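Colleague: I would like to go through the assignments in this model and ask what each one rests on.

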Amino acid sequence: MVFSSITFLFAFLPAVLIVYYIAPKKLRNLVLFLFSLVFYAWGEAVYIWLMLASTVVAYVTGLLADRSKRKKDSKLPFFAMLFAIVWNMGLLLFFKYTDFFINTANDAFGMNIKVLGFTLPIGISFYSFQTLSYVIDVYRGEVNSQKNFLTLGAYVALFPQLIAGPIVRYKDVEQQLMQRRETVDHFAKGVRRFAIGLGKKVILANNIGALFTLISETDQSEMSVCAAWLGTIAYTFQIYFDFSGYSDMAIGLGKMFGFDFLENFNYPYISDSITEFWRRWHISLSSWFRDYVYIPLGGNRKGKLRQCINIMIVWFLTGFWHGANWNFMIWGVYFGVILLIEKLLIGKALKKAPKLIRHIYALFLIVMGWGIFAYVDFTALIQNFKNMFGLGGVPFSNRFTVFNALTYTVTFIVLIIASTPYPKKLAARLEEKKPVAFAVCEPLWIVLMLIVSTAYLAGNSFNPFLYFRF
Amino acid sequence: MKAEKIKNYIIICLFLVFIFGFCVFSFMEDDREFSEMENRTLQQFPEFSYESVKNGDFTKQFETYMADQVFLKDELVSVKTISELAFLKSKQNDVYFGSDSFYLKEFRENDEQIDKNIGYINSFADGLPDDVSVSFLLAPNAVSVLSDKLPLISDNDDQADAAKHIENELSDRIGFVCPIEEMKSADGKDGFYYRTDHHWTAEGAKFGFDALMNKMGEDIPEVQFEEESLKDFYGTMYSQAPFALAKSDEITLLTQKDNRITVKYTGPAGDHTVPEACESIDGVSQKDGLFANELKEVKDKYATFMGGNFTMIEITAQGAESDESVLILKDSYCNTMMPYFCSKYKNITMCDLRYFGMDTQTVSQYISENGIKKVICVYNIDFINTDNSFVWLE
């Protein structure tokens with residue numbers, strides 16, 4: 001199930017809210033756990049067993065990996081953690097990457113091995129990382145092992161963050177899992193956040209996504225240099241509003257049930273460098289890789305060369321995590337290389353450059369990155385870049401381009417404004433200067449978002465969800 | 001601090017009223033079987049069984065059910081249209097919002113399909129005996145005749161170019177006419193098309209009929225028709241982009257006094273079942289008059305003409321000017337023209353290739369068996385540009 005659906009809004013959410021708040025405190029984790037299982041099973045009933053198995057593995061290895069409960073020289077915690085790593089990486093490799101490796105081997109060596117053809121279990125990339133971080137944190141002694149299976153189960157399956165993150169770490173929600181206070185203040189914050197996320201996803205991302213789909217499916221004979229740019233920029237906005245909208249909804253829903261998840265996005269498109277961009281984009285993923293790959297590999301403590309290698313490993317894996325396709329790996333390596341260049345070569349020069357130049361520099365590289373990310377098909381990817389840089393044998397512009405550029409002008413203006421912190425600042429200013437007006441406008445604004453989003457959901461069949469694949 | 005609390009309560013209440021309101025009303029309201037707005041049957045509550053849950057049918061159908069039966073669905077779709085307009089988008093679902101409340105359907109020329117279709121028509125026409133004449137009325141669409149109503153930002157191909165292309169491709173033995181320029185410069189052209197529907201009106205159809213008769217070298221019967229108006233017609237394009245401020249249309253039904261018309265539905269049903277007034281005589285449904293009265297009150301009022309589209313309809317018009325038998329290969333644009341055709345020809349067979357099946361005789365066989373000497377094609381440009389049923393002419 002996805003949040004941006006009529007079924008979620010008007011069937012699942014009312015049901016879970018009612019049962020959750022009627023249930024006594026003791027049973028609330030059970031309620032969340034059961035509803036989360038329904039939420040998960042909704043799309044792919046079979047894989048629910050896989051997730052439950054992963055939860056059991058996390059539960060058992062978590063208990064065993066708790067060194068405070070063992071003798072000092074016991075090897076058991078280490079092997080428990082090792083098993084958790086092997087299990088989670090094994091699952092990911094098997095379900096997400098086996099077919100990719102088979103295809104690659106077939107292509108490279110002319111072999112003819114049959115692919116498995118599994119559909120990717122929903123959310124596997126997210127819950128594998130979460131359960132793994134739990135066991136590792138227990139082993140490191142950063143967090144206590146969880147003796148109540150239900151509590152851990154509620155954590156793993158927690159539906160707000162189940163299928164598309166943010167990657168919530170156990171240590172960040174441990175306290176809330178065991179005792180949390182759902183307050184009016186919290187719930188209201190959750191509503192605000194959810195409504196904004198829903199609007200970002202349904203009104204903005206889907207809208208501009210239609211433009212990207214249109215252009216990416218346009219015949220080469222109809223394309224132009226500007227159309228290729230328009231399409232890639234459209235995708236740049238689509239993926240941000242799609243994913244950050246979904247994160248907003250997840251964080252908002254979390255708050256409705258008394259949870260505080262960490263932020264996942266922080267206006268990434270206002271960045272002045274790629275280093276900054278990656279501090280603002282998909283924060284829960286990059287910090288996961290930092291804490292569980294980069295730092296264990298030695299981080300920056302083992303010399304410059306080693307640090308460079310570590311950075312490249314992390315970025316290769318980050319790319320690969322996004323999907324079993326070459327373009328995602330290239331995308332990861334692309335950013336790894338840029339980060340290295342910024343670190344070693346141009347970092348200082350960049351700091352001295354005028355803000356506008358820095359911003360254009362960063363946006364250009366970000367858009368190029370999405371150009372790589374957007375096309376799973378390599379031929380299409382290359383063609384798009386050729387078109388963008390005038391090597392595709394297409395005109396600079398044409399009627400099709402002008403029409404779509406004009407049709408989406410207002411949409412682009414809204415997207416640009418919505419990518420900056422200004423609307424939020426403006427709202428804060430209004431609240432401070434004109435509290436009464438704000439008190440009237442804010443609820444109206446939220447209701448408007450909800451109604452218009454529902455209208456889009458009811459009125460169109462165009463509701464693909466991008467981050468499902470990952 | 002207290003004000004903060006009140007604000008929070010207000011926001012929470014609004015949210016809960018919103019989701020629980022839609023939830024309760026969506027489930028309480030009687031489920032609709034059919035959406036007139038969308039012109040399709042809607043998903044009903046899915047069957048709940050171990051099997052349907054296991055194979056995923058239940059969840060899929062439940063999602064469709066929720067989306068189809070959500071409370072205030074049609075109003076919500078209208079809200080979406082307004083939002084799209086607020087983004088200054090001039091087009092929704094391939095339909096432009098034109099001036100004077102006209103909806104105009106986008107036209108993108110598809111030469112591949114056109115050439116295929118014309119190829120079928122040509123080989124059909126060329127295979128007919130020499131004494132059978134073939135004429136072709138190509139009806140332009142509102143998007144070209146009323147192009148001055150298009151919004152500032154629009155991107156359409158020129159239908160005049162498409163018409164020229166079709167004319168060049170057509171076999172020499174087919175007499176072709178497309179009154180696109182004439183309609184564009186005619187007075188009262190605003191009345192040629194519905195604002196909310198993709199068809200032409202009785203007036204537009206009359207213009208087309210006259211152009212066809214002139215091309216065929218026939219004189220145009222002078223007839224006084226009795227008029228009946230069907231009000232509050234919201235057509236197909238309105239359904240694509242429903243909008244609260246849209247203006248409804250009026251359909252004019254024309255009846256000629258002293259011209260007794262019998263309609264036989266001889267072929268398999270098309271997009272509608274035969275009209276209620278039909279009697280079955282020797283297994284063939286037939287009735288008097290061109291209109292299906294029971295459809296006057298529904299949303300899909302255009303189907304009042306002939307009761308919709310059918311594979312084969314045989315019409316006898318006792319008061320027609322000429323005793324000739326004609327075969328008309330047609331799309332739905334022709335349905336509005338039928339009062340005029342009935343004033344002209346006594347025996348008319350309407351053939352809609354879209355619903356043609358393998359089991360029936362071929363069109364050529366029908367022509368020779370029924371001694372038909374005149375074949376008329378009536379198609380609108382958009383139809384030739386997109387339809388793929390002409391293969392049945394083979």
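Modeller: This is a predicted model.

Colleague: Which sheet holds E6(B) and E7(B), and what is the strand order?

Modeller: They belong to an open sheet of nine strands in chain B, ordered E7-E6-E16-E14-E15-E13-E10-E12-E11, with mixed pairing. From one strand to the next, the twist averages 25 degrees.

Colleague: Why are strand E7 (174-177) and strand E11 (279-281) of chain B said to stand at the edges?

Modeller: Each has a single partner strand, so one side of E7(B) and one side of E11(B) are left without a neighbour in the sheet.

Colleague: What makes strand E14 (residues 322-330) and strand E15 (residues 345-351) of chain B a pair?

Modeller: Pairing requires at least two bridges. E14(B) and E15(B) have six bridges, in the parallel sense, so they count as a pair by that rule. One of the contributing residues is Leu327(B), whose bridge partner in E15(B) is Thr349(B).

Colleague: How do you know that chain B touches chain A, and which elements take part?

Modeller: Contact means C-beta atoms within 7 Å. By that cut-off, 36 residues of chain B are in contact with 36 residues of chain A. Helix H1 (2-28), helix H3 (57-69) and helix H4 (73-86) of chain B each give two or more residues to this side, and the largest share, 15 residues, comes from H1(B). By class, the side of chain B that touches chain A has 21 nonpolar, six polar and nine charged residues.

Colleague: Where are the domains of chain B, and how many residues of each are in contact?

Modeller: Domain 1 covers 2-73 and domain 2 covers 100-393. Their C-alpha centres lie 41 Å apart. Four residues of domain 1 of chain B are in contact with five of domain 2; the domain 1 side has one nonpolar, one polar and two charged residues.

Colleague: What is the confidence for chain A?

Modeller: Chain A averages a pLDDT of 90, and 98% of the residues score at least 70. Over residues 462-470 of chain A the pLDDT is below 50, although this stretch has 19 contacts in the model beyond near neighbours in sequence.

Note on methods:
Residues are numbered from 1 along each chain as its sequence is written. Chains are lettered from A and ligands numbered from 1 in the order in which they are written. This is a predicted model: local features need pLDDT of at least 70, side-chain atom pairs count only at pLDDT 80 or more; totals for chains, interfaces and linings use all residues. Two residues are in contact if their C-beta atoms, placed from the backbone, lie within 7 Å. Helices (H or I, at least four residues) and strands (E, at least two) are DSSP runs, numbered from the N terminus. Ala, Val, Leu, Ile, Met, Phe, Trp, Tyr, Cys and Pro count as nonpolar, Asp, Glu, Lys and Arg as charged, and the others, Gly among them, as polar. Axes are lines fitted to C-alpha atoms, for helices over the stretch in contact, and angles run from 0 to 180 degrees between N-to-C directions. Domain bounds come from an automatic or database domain assignment. pLDDT is the predictor's confidence in each residue, from 0 to 100.
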